[in-house]
Amino acid sequence: MSVLFTIFWIAVAVVAAMALGWLFRWAAVAASRGEARRALKTAPLAASFGMLVILIYVVVALFAPLIAPYAEREVVGAQFLPWDATHPLGTDNLGRDMLSRLVYGARNTVGIAFATTALAFFAGSFLGLLAAAVGGWLDQVLSRLVDILMAIPALIFSLLLLTIFGTSIVTLVLVIATIDATRVFRLARSVAQNIVVMDYIEAARLRGEGLIRLIFREILPNALAPLVAEFGLRFCFVFLAISALSFLGVGIQPPTADWGSMVRENATLITFGDVTPLLPAGAIALLTVAVNFVVDWQLHRASGLKE
Amino acid sequence: MSDIWSMIARRLLLGLLTLFVISLIIFGATELLPGDLAQNILGQSATPETVAAFRRELGLDLPAHTRYVNWLLGALQGDFGTSLANKRPIADLIATRLSNTLFLAVYAAALSVPLSLMLGILAALWRNSIFDRAANALALTSISFPEFFVAYILIFVLAQSGLFPSMARMDPTTTFSEALYRTFLPALTLTLVVTAHMMRMTRAAIINLLASPYIEMARLKGMSPARVILKHALPNALAPIVTVVALNLAYLITGVVVVEVVFVYPGLGQLMVDSVAKRDFPVVQAVALIFAAAYVLLNLTADVLSTLSNPRLIHRK
Amino acid sequence: MRDHLTRGGLSRRSLIKGATALGAAGLILPAGVRRAAAEPKRGGILRIAQAAGNTTDGYDPATWDSQFVQVLHTARCGYLTEIAADGSLVGEVAESWEASADAATWTFKLREGITYHSGKSVSGDDVVASINHHRGPDSKSAAKPIVEPITDIKADGNTVTFTLSAGNADFPFIMSDYHLPILPSADGKIDATTKDGCGGYMIDSWEPGVGAKLTRNPNYWKPGRAWFDGIEMNVVLDSAARQNALLTGEVDVIDPVDLTTVALLERAPGIKILSVAGTQHYTFAMDTRADPYKDNNVRMALKYALDRQELVDKILQGYGTIGNDHPIGPNQRYFYADLEQHSYDPDKAKFYLKEAGLDSLSIQLSAADAAFTGAVDAAVLFSEKAAAAGITLEVVREPNDGYWDNVWLKKPFCAVYWGGRPTEDWMFSMTYATGVPWNDTFWSNARFDELLLAARSELDEDKRREMYHEMQSICANDGGTIIPMFASYVMGMSDKIGHEDRVAGNWTLDGFRALERWWFV
């Protein structure tokens, strides 16, 4: 029976998500014009749903103090209170309102993850494309450097850097971005290597195009798809990295709420079937799925497939 | 073809250089980390005299470069020394743990690589279908959960009902089939953790090529979509896929400390973390070099395969 | 509280002239203690999972620091003395002991006929060599500070005589310290890598950081002990993994239990929770040399600015008691029960701030879970409550790695853990006397130091109690340590495990001796 119930609720959730996606697409199409409108019209429901979720997260993150019923760090009562009208999602291990923590967590976690991923992609893909386009000693130096950085296990490496440079949010972003950038570099380089030997690149070179123009006009558009796909996942890996680091005591400083640490703090409850840790984990999962649905759509558009 | 061989030879030499640089970095890093083995073993009980005596005994009072050179000379002769903390030869300390780590990595790879390639190809074939969305949503959800959390959920569902043991203890008498049974949950956890990445890259790389003229051509010839993907798209999409697979295989060897801890599995990850915490430098070095070597070899394999998949790269001008 | 004072109280006589509690009955059972379960019986393999254990653990007693090695080697080795479950001292390798009138010379008489696993007999020379391993300029032992006052050790056949630099009425307690096992010696030296010992269990195999297998010593001398035929010890670092191992029946005992879910674990069938109050306490240490903690008014303000009961409820889930800013636990001999309890009072805190000439206070508190489980959360709760008193407490989460090197004794205000010590003198002289290495508040109080010395060799029981009471009061109202809570040791086990009603609280797992004290019912 319980299996049937689960299937029923999953079906309800899927239908609801599609309906929301459809509504959002309708509203978005109505509100936009020109190029964007044409693009939105063709957006699949999954992508529309993804955009809606991302929009909600952004709104929640921006207006966290207005939305959250309590302050981020305020102890409002006993610990692990059940769900009720005053505390819609109960309280956490110290008696803070869970809903408020989740709302503030959106601001801290999404903000940091976005900054880190953007930084990692900017640095990693630019250097990767550059290495592939120039080749020769530059490629060798950069590749070997990245090899060395990547050959040191990431967790140990970041722990080391954070211990040496301190654990402010800025260093956290820089350290995770550096480590992520090495992964992006390798992917970008290996994709671009296949492109630089193409005839049209040869032609562009003969036309006398400059290096930067070559990279951004000729190589990047053709390497974009795997990079975009990677972006969707790297984004989520940042949450996990922060969670792992907070396990070692070098993550975001308390009492700042972040989803990764919130999963960590309540994780043991899951072994007794308690859903508390699923809330922050679910928040991460929903965002990851949403981002990647949008990425899939863009990927499809970039591929030029018409179906 | 000879180009490939010379490339492999060159890369292997460079790999050795990489290992050397890493040994320097690891040494420098352990030096930069505050505290040393004497302080860490004594912990709260450390007093200046006992720490000094301890350092004298271990040779930690020698200058840093002397210690590094001594270590390097030993390592070049194949002698990695003994653990500073408990005087056990490093080879002894590492042997069983290394085989445990490799066993789990191969097990998880055998489950995850075919699974993710298959899912990725099917998702590309049936792109934007319910199957595609469902497979993606599931894989993405499992990857969004921290590893230890995936492990807890699996234990809750599969171990508390008694289907599988929650502790993956191994000893010399464990038979192969028993080992497969005992390490099923950690292998499954790792599979869930790495599958999404490889699957999505497979899907993305294939879809990226589907609008190319030669695919269009094949399709116009009346080839079935499945054959188009397998015969034409996949071979050309190999480079990014292989890169990501190599990354994840390296992760299965070097990054599984959390899974080791949750399932009480004696692998290299825990040894590394303990040794870093206690600043047991020779052990840290040895494990770091094993990890680095695994990484260098996997990367080299990935590069060779990517190169082979693109004839233009072999005959690069 | 009151009855704790008399219970387990040792008379002066029993201290100076120690006699073994091993009477004719052959059981180490203080009168009136009832057994928790049916009569103990031999047999079975005990499987135990512990949290603390490193791949760097070894055989050398000078370096033992994880609870895994402490329990392992306590099962393998014998000590001169043993702390019984009720906190009193009984003989182990030593049968009896006697002090000179000034308590500066101690003579231990060894028990006849104890042998090591190898068959060799335990001799006075072994005792000398075992203790000397921790003494001298080349000693790297963590126990060096506690054997420092010994100026000479001599063995004469079966008696060993210790000469101390000054009188110490509690000296035999020190000989029970887990660093000081009696090991076989040759030419006046012990072999620090030996697997031999004279305890109830022999080590078959041990993989540091993973686990160990032990079998019962068939020639064990102690009657009524070592019931299990064998032991399987496991290191299980993850708290959820330990719980799961207990729930699925893969182990019989886990230590410690994750307090967040202890209430849920207790409900599981076939599982019981054992909670033992002891001397373990958690502190926030202020550097009394540094601003603003130099001013005792600031220290007092902070002592009134945290809600102790909330910490006990939320960090210890009620498995503990509130502390009163001195390190003596309610179960100890000279605990001062009538000392005024510090409690949360923002007005008083404000009053003391004003006395210090401050309107508000803005400080940083360093914490990491390496200090104690829940330290960061405790600091966050502290900070929330302190805000009402006009104190801005910024919690700085420090890395777990290197906490004891970089934060403890370095940062002016940080979270600390103390296992506690069995005697008041030991605890005070280890961490509160002026200038000792572990005085983490750098506190110095002339009256306190004077009392400490006087009490150490005071012979009159009442006078001694009075002195310790005054020291607790000085410590609470002038000291630099905030002690919000005493944490109980909380273990989980299958209900098939039997143990005495009274379980030792000096360390976890029945004073590290669960392996030889417990049995299967």
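# A tour of three chains

Start by selecting A:Asp296 and B:Arg200, whose side chains form a salt bridge with an N to O distance of 2.8 Å. Keep in mind that this is a predicted model.

**Stop 1: chain B against chain A**

Stay at this interface. The rule finds three salt bridges across the contact of chain B and chain A. Next come the polar contacts: nine residue pairs between chain B and chain A, with both residues at pLDDT 80 or more.

Which elements of chain B supply at least two residues each to the side that touches chain A? Colour these helices of chain B: α1 (2-32), α6 (130-144), α7, α9 (184-209), α12 (238-254), α14, α15 (281-309) and α16 (311-314).

Now colour by class. On the side of chain B that touches chain A, 38 residues are nonpolar, 12 are polar and 10 are charged.

Then select the whole contact. It takes in 60 residues of chain B and 64 residues of chain A. Between them, chain B and chain A bury about 5,600 Å², and carbon and sulfur atoms account for 69% of that.

**Stop 2: chain B against chain C**

Turn to the contact of chain B with chain C. Select 43 residues from chain B and 48 residues from chain C. The buried area here is about 3,600 Å², with 51% given by carbon and sulfur atoms.

How many salt bridges does the rule find across the interface of chain B and chain C? The rule finds two. For polar contacts, the count between chain B and chain C is seven residue pairs, both residues at pLDDT 80 or more.

Now highlight the parts of chain B on this side. The elements giving two or more residues are α2 (37-42), α3 (48-58), α7 (147-159), α13 (257-262) and α14 (268-278) of chain B. The largest share, seven residues, comes from α14(B). By class, the side of chain B that touches chain C has 19 nonpolar residues, 12 polar and 12 charged.

**Stop 3: backbone details in chain C**

Zoom in on the backbone of chain C. Select C:Asp255 and C:Pro256. The peptide bond from C:Asp255 to C:Pro256 is cis, with omega near -5°. C:Pro256 sits in the loop between β14 (253-255) and α8 (262-267) of chain C.

Move on to C:Asp291 and C:Pro292. A cis peptide bond joins these residues too, and its omega is about -5°. Find C:Pro292 in the loop between β16 (281-286) and α9 (296-303) of chain C.

Next, check phi. C:Asp187 is not a glycine, yet its phi is positive, about 55°. Look for C:Asp187 in the loop between β9 (185-186) and β10 (189-190) of chain C.

Then select C:Ala226, another residue other than glycine with a positive phi, near 60°. C:Ala226 lies in the loop between β12 (211-216) and β13 (230-235) of chain C.

Is C:Asp187 buried or exposed? C:Asp187 counts as exposed, because its relative accessibility is 82% and the cut-off for exposed is over 50%. C:Ala226 is buried, with a relative accessible area of 0%.

**Stop 4: the rings**

Show the aromatic side chains. Over all chains, the count comes to 43 aromatic pairs.

Begin with B:Tyr68 and B:Trp71. Their ring centres are 5.9 Å apart and their planes are at 35°, so the pair is tilted. Both residues lie in helix α4 (residues 64-76) of chain B, three residues apart, about one turn of the helix. B:Tyr68 is buried at 7% relative accessible area, and B:Trp71 is buried at 9%.

Now go to C:Tyr282 and C:Tyr417. These rings have centres 6.4 Å apart and planes at 45°, so this pair is tilted. C:Tyr282 is in strand β16 of chain C and C:Tyr417 is in strand β20 (residues 413-418) of chain C, so the pair ties together parts that are 135 residues apart in sequence. C:Tyr282 counts as buried, at 9% relative accessibility.

Finish with a cluster. Select C:Tyr334, C:Phe428, C:Tyr432, C:Trp443, C:Phe448 and C:Tyr468, which ring pairs link together.

Conventions: Residues are numbered from 1 along each chain as its sequence is written. Chains are lettered from A and ligands numbered from 1 in the order in which they are written. This is a predicted model: local features need pLDDT of at least 70, side-chain atom pairs count only at pLDDT 80 or more; totals for chains, interfaces and linings use all residues. Side-chain values use heavy atoms; hydrogens and water are left out. Contact means heavy atoms within 4.5 Å. Buried area is the accessible area (1.4 Å probe) that two parts lose on being put together, summed over both. A salt bridge is a side-chain nitrogen of Lys or Arg within 4 Å of a carboxyl oxygen of Asp or Glu. A polar contact is a pair of N or O atoms within 3.5 Å; within protein, one must be able to donate a hydrogen and the other to accept it, and residues adjacent in sequence count only if both atoms are side-chain atoms. Helices (H or I, at least four residues) and strands (E, at least two) are DSSP runs, numbered from the N terminus. Ala, Val, Leu, Ile, Met, Phe, Trp, Tyr, Cys and Pro count as nonpolar, Asp, Glu, Lys and Arg as charged, and the others, Gly among them, as polar. Buried means under 20% relative accessible area, exposed over 50%, partly exposed in between (1.4 Å probe, protein chains only). Rings of Phe, Tyr and Trp (its six-membered ring) pair if their centres lie within 6.5 Å; planes under 30 degrees apart count as stacked, over 60 as edge-to-face and the rest as tilted.
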